[in-house]
Each structure stands twice: as C-alpha cells, then as structure tokens.
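Please find below some notes on this structure. They are set out as numbered points for a reader who has not seen it before.

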Amino acid sequence: MKLNMAEEEDYMSDSFINVQEDIRPGLPMLRQIREARRKEEKQQEANLKNRQKSLKEEEQERRDIGLKNALGCENKGFALLQKMGYKSGQALGKSGGGIVEPIPLNIKTGKSGIGHEASLKRKAEEKLESYRKKIHMRNQAEEKAAEQFRMRLKNKQDEMKLEGDLRRSQRACQQLDAQKNIQVPREAWYWLRLEEETEEDEEEKEQDEDEYKSEDLSVLEKLQILTSYLREEHLYCIWCGTAYEDKEDLSSNCPGPTSADHD
C-alpha cells in the first residue's frame with residue numbers, strides 16, 4: 001500500500017513534469033535546416049561586404065586617379081617639355097599666354113556609337129526650336145485675330161457714327177429748307193422720310209428708293225454732299241450746331257467741314 005502511494009507521489013513530482021529533453025524524431029532535422037540557413041545568410045552578408053569590384057568599376061577608378069594626378073618626369077611628353085624650358089605650373093607658349101591646365105578629356109563610357117549623343121542633342125534643339133516657332137506663330141495668329149476684331153469693332157462704331165451724323169444732317173436740312181419754304185428736297189435722301197405715309201406716298205417712296213439705290217452712294221459720300229449743301233445753302237455746320245451769318249463768319253469761326261476738324 002505504501003509502495004503504491006510512493007508511485008503516485010512520483011507521478012505528481014517535478015521530475016515527472018519537467019522533461020529534460022525532447023527527443024521527437026523530426027526535431028534534429030529542423031535544427032539542422034535552421035542552422036544551415038543562418039550560415040547562408042551570414043555568408044551572403046560577408047560576400048556583400050567584401051564584394052569584388054567589376055572590371056568596369058576598377059577601370060573607372062584607375063582612370064579617375066590617373067586624371068587627378070599631375071604628369072611626372074617619367075612621362076616622355078612632360079620630359080620633352082622640361083628640356084625645352086617648361087616648368088611645372090607655367091603656361092604654355094613662348095610668351096606664357098597659353099593654357100596652364102590640360103584640356104579636359106570627355107570619356108565616352110556608353111555603348112552608343114560615336115556622334116550619337118551629338119545627334120540626340122541636335123534633335124532636341126530642333127524640337128525645341130520647332131516648339132518655339134509654333135508658339136510664336138500661335139501668338140501672332142492670336143494678336144492678328146484680336147487686331148482684326150478691334151478693327152471690325154472700330155469700323156462698326158465709325159459706321160454707326162457716320163449714320164448718326166447723316167440723320168442729324170437730314171433732319172437739319174429738312175428744317176432749314178422748310179424755313180426757306182423749300183417744299184421739295186434737292187435730292188430725295190436730303191430729308192428724313194416719314195414713318196407713316198399714304199399709299200400714294202409709299203408708291204412715290206418706292207420710286208425714290210429705286211432712284212436712290214441706282215446712285216449707289218456710301219454713307220460717307222452722302223454725309224459729305226449733305227454737309228456741303230448745308231454750309232453753302234444755309235451756312236450751317238452740324239458739328240458746331242450753329243447757323244452763321246455769312247460765309248466769312250463760317251470760315252472764321254467753324255474749324256472745318258468734317259467731324260475730325262471738330263475733335
């Protein structure tokens with residue numbers, strides 16, 4: 001009975017619970033794989049630190065070192081210059097007006113052919129010049145369009161001003177002719193036409209319009225003719241708005257027979 005109790009106590013003891021080592025069959029293999037991976041990573045890091053430079057990189061380094069170092073006496077060309085009196089740091093030429101430093105080397109390291117970079121540069125310049133020309137032409141076209149619009153607007157304003165001056169002249173001519181008991185205008189278009197007329201008057205108006213159209217006069221021409229008639233017949237200037245006493249008074253006090261003279 002006591003022996004059984006001892007066995008049960010051994011079952012509940014720490015020695016039974018704490019297993020010293022796990023001896024499962026697959027565990028040693030997993031440990032070997034992990035260890036191999038660690039060694040491989042360490043080797044890769046070491047190779048990366050101690051990586052050997054390529055031939056191209058070594059050649060570039062040797063070239064840079066050689067270009068940075070000045071020529072020494074072992075160089076045959078430099079030795080010949082020294083025999084002819086040249087000293088290190090002295091400018092070339094008899095009078096010492098030449099260059100001091102050697103002409104820098106432009107070393108080509110790419111795989112493109114000779115002249116390829118110059119060709120690319122030329123094409124880029126041509127493309128840039130073409131773009132500048134397009135921009136210049138577009139700006140010129142925009143300026144020309146804006147100028148044409150301003151001219152059309154100015155012409156429209158000038159035309160409206162001429163038509164207004166013509167109507168004023170016709171109105172003044174009709175009033176002044178009426179004051180002199182002139183019943184019929186010298187020309188049909190000298191007077192403003194009434195908006196409401198009888199049928200007979202409308203027929204006469206159509207005939208007069210046909211005659212007027214046949215004359216083919218511009219607004220400016222009609223204005224010049226009518227203002228001349230007003231000045232000669234009535235001594236009147238529409239821009240001054242005054243009827244003068246005589247021709248001498250008109251020529252002395254009126255700036256001129258055109259609108260520009262009164263600006």
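Is tyrosine 229 buried or exposed? Tyrosine 229 is buried, at a relative accessible area of 6%; buried stands for under 20% relative accessible area, exposed for over 50%, and partly exposed for what lies in between, with a 1.4 Å probe and protein chains only.

1. Basis. This is a predicted model, in which local features need pLDDT of at least 70 and side-chain atom pairs count only at pLDDT 80 or more, while totals for chains, interfaces and linings use all residues. Residues are numbered from 1 along each chain as its sequence is written, and side-chain values use heavy atoms, with hydrogens and water left out.

2. Aromatic rings. The structure holds two aromatic pairs. Tryptophan 189 and tyrosine 190 make an edge-to-face pair, 4.8 Å centre to centre with 70 degrees between the planes. Tyrosine 190 also pairs with tyrosine 229 in a tilted arrangement, at 5.1 Å centre to centre and 55 degrees between the planes. Here rings of Phe, Tyr and Trp (its six-membered ring) pair if their centres lie within 6.5 Å, and planes under 30 degrees apart count as stacked, over 60 as edge-to-face and the rest as tilted. Tyrosine 190 sits in the loop between H6 and H7 and tyrosine 229 in helix H8, so this pair ties together parts that are 39 residues apart in sequence. Ring pairs link Trp189, Tyr190 and Tyr229 into a cluster. Tryptophan 189 and tyrosine 190 are both buried, tyrosine 190 with a relative accessible area of 4%.

3. Helix H8. H8 has 16 residues and spans 21 Å from its first C-alpha to its last, close to the 22 Å expected at 1.5 Å a residue; the expected span is 1.5 Å times one less than the number of residues. Helices (H or I, at least four residues) and strands (E, at least two) are DSSP runs, numbered from the N terminus. Buried residues of H8 include Leu223, Leu226, Tyr229 and Leu230. Just after H8, leucine 235 has a positive phi of about 55 degrees.

4. A link from H8 to the loop. Glutamate 233 forms a salt bridge with arginine 186, with 3.8 Å between the closest N and O atoms. Glutamate 233 belongs to helix H8 (residues 219-234) and arginine 186 to the loop between H6 and helix H7 (199-215), so the pair ties together parts that are 47 residues apart in sequence. Arginine 186 is exposed at 54% relative accessible area, and glutamate 233 is partly exposed at 31%.

5. The whole structure has seven salt bridges, each a side-chain nitrogen of Lys or Arg within 4 Å of a carboxyl oxygen of Asp or Glu. One of them joins glutamate 147 and arginine 150 (2.6 Å, N to O); these residues are three apart in helix H6 (residues 116-179), about one helical turn. Arginine 168 and aspartate 165 form another, at 3.2 Å between the closest N and O atoms, and they too lie three residues apart in H6. Aspartate 165 is buried at 6% relative accessible area, whereas arginine 168 is partly exposed at 35%. Lys161, Asp165 and Arg168 are linked in a network of salt bridges.

6. Annotation. An unreviewed UniProt entry gives "coiled-coil region" for residues 121-159; such annotations may be inferred rather than shown by experiment, feature names are shortened, and positions follow the numbering used here. In the model, residues 121-159 are 100% helix and 0% strand, with the end C-alpha atoms 56 Å apart.
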